[in-house]
Amino acid sequence: MRSYDVIIIGAGVVGSLIARALSRYTLRVLLIDRASDVGEGTTKANTAIVHAGYDAKPGSLKARLNVAGNAMFDRLCAELDVDFERCGTCVVALSDYELATLRELHQRGQENGVPGIELLGAEEMRRREPALTDKASGALYAATGGIVDPFGLCIAAAECAVLNGVELALGTEALDFTREGQRITGVITNHGEFRSHWVIIAAGLWADELLHKAGLDGFYITPRKGEYLVLDRVAAELVHTVLFPCPTPLSKGILVTRTIHGNVMLGPNAVDILDKDDLATTAEGLHEVMAGALRLVPSLDSRSIIRNYAGLRATGGTGDFRIEVPPELHGLLVLAGIESPGLTASPAIAEHVVELLREAGLSLAERPDFDPTRVGRPRFSKLNRDQQQALIAADPRYGNIVCRCETVTEGEIVAACHAPIPARTYDALKRRTRVGTGRCQGAFDTPLVITIMARELGISPLEVTQKGGNSRLLYRETKGAAP
Ligand SMILES: Cc1cc2nc3c(=O)[nH]c(=O)nc-3n(C[C@H](O)[C@H](O)[C@H](O)COP(=O)(O)OP(=O)(O)OC[C@H]3O[C@@H](n4cnc5c(N)ncnc54)[C@H](O)[C@@H]3O)c2cc1C
């Protein structure tokens, strides 16, 4: 039976950054996820905002880790070669009554130690954001707010961890734990049993179920669905910062933001549901999203919509993150209720987890050869003409544009299929290269993409799936995707 110092259950952004943080030390670390790729949980479907930190209740773990995590993003994204921009965020008051909310948020921000927050008048706000509704009566501006590529961050963190010796086991589901008295001694999975001195639960929506398996009752996660609309790049000139309405008791409200990839994104709404796998969007929900976004930016055009999707918040009910070594069990560290701003807080959460493990007695000797960096693969569309020509001269496959909307080349698809964590499904490739994410949503290029993936992965085109399991893309050969 294989044996580790630490097993991390869940390779979302939190688990992957914990794995990277632990790979600094001479530890045998295993990162497992039941999905076919890293970042397939909430990490792949959120608003991708790096929050400044004025929302969370002063004194809470959420507030502390939000502000600390935000401050870590410049260095983290530089080390991991991940797209990140501090474009600033604005909470907009749409009536004089809401100005009081802005003042409260400003006060809370100051208590939480958020740098660079200021209250702006209506005139100044419209000067900065000309497309903003003329009903805006003021805004809270946060200079440290930003936008990031959330799945890019997760993939990069997991790659960095793997390059530093962490073992990654995808398609591996934690079913139960082994224990000796009050000590957790390992994890029972669909691929057998693994022993470990420490087990970390970073399983997002499913953390409560694993807690119950470990014998820790009384904590439940409610999935809170948020639906989104993505607009074509033509809309990107409409917004410069992230525009939030005033928050509601359930969420930060339906916002309008640019994405790091140059689209505009609207959403999310907030609906508590029962099914943790229910990522379906509804006509009703999408209408609510559009209506909410129009309140902020009335000139948004629904004809620019190219995609919709939903994400599920892992709402724990306490209003705070639960990150602890439960006193009644040894060898277990729990992360639960990592709802928003979990993405922002994730690098600080990883450092906090290392400290909790150190305090609990885990011996942490630094590895002399630890490398915090990870070099991303070339992205043709981001290069200048000379760089593009040099790339094509070195490998002519970079001269073959496969995805015309996002200018993704065959060379990038090939590189992603042979990366430290290879893209083995269409969705994994999409998250690594942006293939199929543009205006045509893959309508033109999918057959060619399938052909290239099958060739590179050494499988039949019929075996290429969207996200593993039974999600095959083809049921018979086509002219476009022949073996
Ligand atoms: C609508 C919405 C908007 C949001 N917006 C923002 C935002 O703008 N900014 C921000 O900072 N945060 C935001 N968040 C929160 C943020 O997305 C999450 O806090 C973060 O992604 C949580 O990451 P995670 O790694 O904890 O969870 P996940 O990404 O869900 O990862 C958990 C992983 O565990 C795996 N897993 C589960 N059970 C098992 C098992 N038994 N065995 C093996 N693997 C298992 C899953 O497959 C999954 O990959 C938003 C969330 C939502 C839903």
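This is a predicted model: local features need pLDDT of at least 70, side-chain atom pairs count only at pLDDT 80 or more; totals for chains, interfaces and linings use all residues.
A polar contact is a pair of N or O atoms within 3.5 Å. Keep that in mind for the ligand here: a backbone N or O atom of Thr 47 lies 3.2 Å from one of the ligand's nitrogen atoms. Below is a quick tour of the ligand's surroundings, the nonpolar cores, a well-covered helix and some spots where the backbone does something worth a look.

**Around the ligand**

- Over at Glu 339, a polar backbone atom is 3.5 Å from an oxygen atom of the ligand.
- How much of the ligand does the protein bury? Taken alone, the ligand exposes 1000 Å², and the protein buries 97% of that.
- Helix H1, strand S18 (305–315) and helix H8 are the elements that give two or more residues to the shell around the ligand.
- There are 35 residues around the ligand, and the ones that come nearest are Asp 33, Thr 43, Ile 49, Ile 338 and Thr 344.
- Sorted by class, that shell has 16 nonpolar, 14 polar and five charged residues.

**The nonpolar cores**

- As a bit of background, nonpolar side chains tend to be buried together in soluble globular proteins.
- In this model, the largest nonpolar core has 54 residues. Ile 8, Leu 22, Ile 200, Ile 323, Leu 335 and Ile 349 are the ones that touch the most other members.
- Which element gives the most to the core? That's H8, with nine residues.

**Thr 185 in strand S11**

- Thr 185 is found in strand S11, which covers residues 183–189.
- Is Thr 185 buried or exposed? Its relative accessibility is 7%, so Thr 185 counts as buried; the cut-off for buried is under 20%.
- Not counting residues up to four places away in sequence, Thr 185 touches Thr 178, Arg 179, Glu 180, Phe 194, Arg 195 and Ser 196.

**Helix H11, under cover**

- Helix H11 runs over residues 426–433 and is mostly covered, with eight of its eight residues buried.
- Charged residues are in on this too: Asp 427, Lys 430, Arg 431 and Arg 432 are among the buried residues of H11.
- What do the buried residues of H11 pack against? They pack against H5, S18, strand S22 (408–409), helix H10 (410–417) and helix H12 (446–457).
- Just after H11 comes Arg 434, which takes a positive phi of about 75 degrees.

**Cis peptide bonds**

- From Gly 267 to Pro 268 the peptide bond is cis, with omega near -5 degrees. You'll find Pro 268 in the loop between strand S16 (264–267) and strand S17 (271–272).
- The peptide bond from Ser 340 to Pro 341 is cis too, with omega near 10 degrees. Pro 341 lies in the loop between S20 and H8.

**Positive phi in loops**

- Asp 81 isn't a glycine, but its phi is positive, near 60 degrees. Asp 81 is found in the loop between H2 and strand S4 (84–85), and it counts as partly exposed because its relative accessibility is 36%.
- Thr 407 has a positive phi as well, near 50 degrees. Look for Thr 407 in the loop between strand S21 (401–403) and S22; with 26% relative accessibility, it counts as partly exposed.

- Arg 128 sits in helix H4 (residues 122–128) and is partly exposed, with a relative accessible area of 28%.
- How many residues apart in sequence are Arg 128 and His 240? They are 112 residues apart, while in space their C-alpha atoms are 7.9 Å apart.
- Besides His 240, Arg 128 touches Glu 118, Leu 120 and Tyr 141, not counting residues up to four places away in sequence.

Notes. Residues are numbered from 1 along each chain as its sequence is written. Side-chain values use heavy atoms; hydrogens and water are left out. A nonpolar core is a set of buried Ala, Val, Leu, Ile, Met, Phe, Trp, Tyr and Cys residues joined through side-chain atoms within 4.5 Å. Buried means under 20% relative accessible area, exposed over 50%, partly exposed in between (1.4 Å probe, protein chains only). Helices (H or I, at least four residues) and strands (E, at least two) are DSSP runs, numbered from the N terminus. A residue is near a molecule or strand if one of its heavy atoms lies within 4 Å of it. A polar contact is a pair of N or O atoms within 3.5 Å; within protein, one must be able to donate a hydrogen and the other to accept it, and residues adjacent in sequence count only if both atoms are side-chain atoms. Accessible areas come from the Shrake-Rupley method with a 1.4 Å probe; for residues, only the protein chains shown count as cover. Contact means heavy atoms within 4.5 Å.
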